[in-house]
Amino acid sequence: MSAERETTGGREGEREVKDASMLLQKEMIAGHFTALSRAKEEGKKVVYTFVPGNLTELLHAFDVLPLYPEINALQSGMRKKSGGYILEAERLGHSEDVCAYVKSDIGMLRAGNVGPTGEKLPPPDLLLLSYTGCFTFMKWFELLKREYDCPVAMLHVPYQGDGEFTDEMRKYVVDQLRSEVIPKLEQVTGKKLDEAKLEEALAKSSVAEDDLVWVLESAKNKPSPIDAYFGGVYYIGPIFTAFRGTDAAVEYYKTLRSEVQVRLDQRLGPITPDGPLTNERYRLVVEGPPSWPSFQEFWKMFSGEGAVVVASSYTKVGGFYDHGFRHDPKRPLESLADYCAGCYTNLNLPSRIEILARYVREYQADGLLINSVKSCNSFSAGQLMILREVEERTGVPGGFIETDLVDPRYFSAANVKNRLESYLQMIEQKRKSPGAPRGPSGAAGGGSSGPRRLEVLP
Amino acid sequence: MKAFLGIDLGSTTTKAVMMDEAGAILGRGITNSRSNYHLAADIARDEARVDARFTLLDRALEREGETGDEAVQFRKRLLHRFRKVQRLVQLASLREEAVKEAASARLSQYGDGLVPKVREIFEAMERDWRRPKLSVGPSSDFFRDQAAGDYGRLAEKHADRAVPFDALMSVFDKVIIVVENARMDLTFEGNIRVALAECLGGETPERRAKYEAAVAQAADAPLDLVRTIGTGYGRQTLPFAKDDIRSEILCHGLGAHLAFPRTATVLDIGGQDTKAIQVDDRGIVTSFQMNDRCAAGCGRYLGYIADEMNMGVHELGPLALESTRHVKINSTCTVFAGAELRDRLTMGQRREDILAGLHRAIILRAMALLARSGGIADEFTFTGGVANNPAAVKALRQLVVENYGERTLNISPSSIYTGAHGAAEFARRATQDVEA
């Protein structure tokens with residue numbers, strides 16, 4: 001693979017290109033929230049829906065605006081507002097053990113439903129409850145239905161309990177799309193499904209998806225030009241939310257890819273909150289979502305030690321492209337069904353183990369680190385078993401830390417830092433002691449060729 | 001002689017272990033962390049240095065051929081006298097500060113009567129502290145407790161209408177902190193000869209010469225601190241270079257291995273965290289788990305329980321051993337500990353039974369962490385302050401057998417130093433690596 005577009009050389013130039021994708025994403029998000037705030041006056045319909053396995057192309061085909069309560073919660077976390085929202089929800093009677101995304105969302109709603117850009121969010125015209133890999137989604141929208149009194153379209157996506165998505169399962173989902181989701185959208189918008197528009201969106205999705213996959217796989221290089229977890233959550237932003245299937249997303253991923261290509265060409269490490277990382281000491285695979293209220297602090301704990309995340313499961317939470325899946329205009333509803341079913345939390349434990357073990361091998365990682373979040377049982381159940389199994393299969397050591405998605409009360413910086421540093425020192429100690437069982441990568445940062453190394457220009 | 005130091009800055013206590021080039025422990029020191037890690041680290045190090053000098057004294061006595069009972073008795077006497085000399089140095093400093101404080105403008109309302117009373121109190125204390133039978137511990141640990149107890153008792157006696165008890169205590173409260181934070185010469189080299197002079201009466205001239213020679217050798221031997229490695233919760237706050245810091249997980253793993261080379265699993269219950277660690281046959285950590293942000297069921301929890309019961313923390317275990325009835329405690333939450341305890345006492349349950357239940361609850365929590373870290377393999381080493389608690393050990397033995405079968409359980413009497421020991425060994429190895 002080689003660069004597809006001309007890029008400027010040198011640090012200055014690279015810095016400018018980097019900024020381009022960040023700025024682009026910022027503009028896209030701002031534009032979307034402005035459109036949402038004007039939706040009512042401009043007569044646009046608004047659909048609330050969930051990220052994992054979402055149906056964004058279908059929503060675009062109906063020209064409705066999607067809004068993702070999970071993203072609002074995550075943004076509230078990053079803006080350090082979730083703590084207050086959660087307390088508000090707890091005052092309303094939601095217990096400490098309820099998912100913090102739900103409570104952050106409910107609290108935000110009660111506080112006036114002002115979105116991350118400071119603009120008021122519109123109420124939904126439809127709640128599209130595609131619940132994939134998370135039972136709590138159903139309860140969440142049950143609560144929202146009481147708040148908004150609007151119709152709900154329900155899409156049940158079967159769990160891949162046996163590790164595969166069968167033809168029957170696919171038909172089951174497609175039938176629901178035909179008999180439940182599309183009719184409800186038609187009813188709310190007052191128009192028929194524009195099939196040509198849907199196919200066009202799916203074709204654009206596939207282009208952007210190719211570029212995203214290329215970017216995520218660039219981490220197979222040593223040093224990795226990206227951080228596939230902390231940087232990765234920015235990279236998945238457009239594709240997992242309102243922009244998949246749009247020209248804006250195609251443009252964003254093209255820009256991002258060219259930026260990463262430059263970093264790769266110059267053998268640069270990822271950009272971190274402390275600037276570019278120049279000493280890749282540890283290559284990690286991370287399982288589980290980040291802790292949003294402490295996102296920067298958490299990231300710095302890694303970058304400060306020269307730890308780069310080369311692959312993460314969280315960046316597969318919206319949809320899973322590793323096995324070659326792309327949205328396909330030739331089989332529109334079927335490919336939407338496949339996308340829904342394939343997202344990471346809808347995969348069974350053996351599949352997740354297989355994926356993580358493969359990441360360790362293919363990305364030449366020194367270890368698997370699990371960030372187990374209190375809120376999300378879809379992620380957390382079985383994680384210790386996953387850890388042991390991946391350790392056994394790959395020979396690299398596993399590490400375990402515990403935080404939460406957006407509840408700041410569950411992030412103890414001293415404790416997390418202590419565990420992370422202990423873990424990294426454990427890797428280091430194992431590496432140093434002769435005869436110790438080694439991971440497949442040996443010492444990190446050596447810059448030697450790996451089995452599936454991407455082409456690096458001199 | 002080259003020496004290596006490990007310092008474990010725990011949440012409750014700070015420990016130091018000094019090691020020689022061959023890896024033998026020269027000395028240990030411990031003090032309260034008192035939310036001032038700098039001072040705590042200095043005091044623990046100084047104490048380890050004093051302890052190291054006594055080890056050098058033992059070696060010197062051996063060289064002089066003095067290994068019999070008499071030498072052992074002399075050594076014991078000398079240590080006791082030395083501790084007393086240290087204590088008197090501290091007391092003199094306290095007295096000086098106290099007299100200054102009593103004469104200060106802050107307390108001028110009490111007129112001329114305050115200073116003489118403070119002097120009288122200190123004279124009485126000094127007389128008392130010079131008595132031969134007075135027992136004293138290591139310098140840092142109990143000075144405040146002992147001074148506060150004696151001063152308070154004497155202040156009560158000396159107080160009158162013109163100079164009330166509160167005024168006298170106000171002087172003490174102000175200056176004890178100053179003295180605790182002041183650096184003074186409490187070293188072996190600076191004080192051992194005073195102590196020695198008081199220990200030689202009745203010895204034959206020949207033996208006196210040997211003792212004096214041995215003490216001189218111990219005091220004058222160069223003790224060159226080559227490298228220090230810091231670990232524990234406070235490690236980030238000390239001016240250690242990044243290379244001089246190790247996680248306490250690694251240090252505990254290695255320390256347990258050094259004490260018991262067949263160690264495969266380590267449980268450490270410290271002041272505010274519990275760790276379950278698996279190590280390989282070289283003491284290298286292969287896996288670990290620790291409690292999350294909540295310190296439930298750690299040493300601090302026992303501290304709260306002891307406060308709540310108005311007991312010393314070291315009395316809890318022995319009392320719990322007297323239990324005859326099984327009480328099941330569900331919460332190891334430190335915040336709710338007092339409430340749970342009072343509830344149960346109200347329900348008529350006996351203190352010893354409740355305490356036995358509490359100890360079991362702590363160990364059950366540790367068992368969950370052990371299971372998560374990979375179980376309990378043979379041999380199993382228990383470290384940290386709570387390892388000195390007999391009721392915790394009893395509950396652990398029982399639960400280990402119930403869940404994993406027979407395991408060799410190792411507990412070292414100096415288990416509290418495990419982390420510092422591991423750190424010292426890291427310091428020694430790091431230096432050898434560089435030299436190699």
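The radius of gyration used here is taken over C-alpha atoms, and the globule rule is 2.2 Å times the number of residues to the power 0.38. For chain B, with its 436 residues, a compact globule would come out near 22 Å, and the chain has 24 Å, which agrees. This is a predicted model, so local features need pLDDT of at least 70 and side-chain atom pairs count only at pLDDT 80 or more, while totals for chains, interfaces and linings use all residues. Residues are numbered from 1 along each chain as its sequence is written, with chains lettered from A and ligands numbered from 1 in the order in which they are written.

Chain B first, in outline. Its C-alpha trace spans about 65 × 60 × 45 Å along the principal axes. The chain holds 14 helices and nine strands, where helices (H or I, at least four residues) and strands (E, at least two) are DSSP runs numbered from the N terminus. Some 45% of the 436 residues are buried; a residue is buried if 20 or more other C-beta atoms lie within 10 Å of its own, exposed if 12 or fewer, and partly exposed in between, with C-beta atoms placed from the backbone. Of the contacts in chain B with a separation of 6 or more, 74% link residues 24 or more positions apart. Two residues are in contact if their C-beta atoms, placed from the backbone, lie within 7 Å.

On to a sheet in chain B. Five strands make up an open sheet in the order β7-β6-β5-β8-β9, and the pairing is mixed. Two strands pair if DSSP finds at least two bridges between them. The edges belong to β7 and β9 (409-410) of chain B, each with a single partner strand, so one side of each is left without a neighbour in the sheet. Helix α8(B) packs on this sheet, touching β5 (265-269), β6, β7 and β8 (380-383) of chain B, and its direction makes about 60° with that of β6(B). Such angles run from 0 to 180 degrees between N-to-C directions, with axes being lines fitted to C-alpha atoms, for helices over the stretch in contact.

Strand β6 (residues 274-279) of chain B pairs with β7(B) in the antiparallel sense over five bridges. Within this pair, Ile277(B) sits opposite Phe288(B), and Gln278(B) faces Ser287(B). The two strands form a hairpin with five residues between them, and Gly283(B) in the turn has a positive phi of about 85°. Strand β7 (residues 285-290) of chain B is mostly covered, with six of its six residues buried. Elsewhere in the chain, helix α9 (residues 299-308) has Gly299(B), Arg300(B), Tyr301(B), Leu302(B) and Ile305(B) buried, and just after α9(B) comes Asn310(B), with a positive phi of about 60°.

Strand β7(B) turns up again where the chains meet. The contact takes 16 residues from chain B and 18 residues from chain A. On the chain B side, α8 (248-259) and β7 are the elements that give two or more residues, and β7(B) has the largest share, six residues. That side divides into seven nonpolar, four polar and five charged residues. Here Ala, Val, Leu, Ile, Met, Phe, Trp, Tyr, Cys and Pro count as nonpolar, Asp, Glu, Lys and Arg as charged, and the others, Gly among them, as polar.

Now for chain A, which is divided into domain 1 (10-193) and domain 2 (198-432), bounds that come from an automatic or database domain assignment. The domain centres, taken over C-alpha atoms, are 21 Å apart. Across the boundary, 51 residues of domain 1 are in contact with 54 residues of domain 2. Several helices of chain A each supply at least two residues of the domain 1 side, including α1 (10-37), α5 (100-110) and α7 (167-189). The largest share, nine residues, comes from α1(A). By class, this domain 1 side has 28 nonpolar, 18 polar and five charged residues.

Chain A also has an open sheet of four strands, in the order β2-β1-β3-β4 with parallel pairing. Strands β2 (65-67) and β4 (152-156) of chain A stand at its edges, each with a single partner strand, so one side of each is left without a neighbour in the sheet. The twist averages 25° from one strand to the next. Strand β1 (residues 46-49) of chain A runs parallel to β2(A), joined by three bridges, and Val47(A) stands opposite Pro66(A) in β2(A). Helix α7(A) lies across β3 (126-131) and β4 of chain A, running at about 160° to β4(A).
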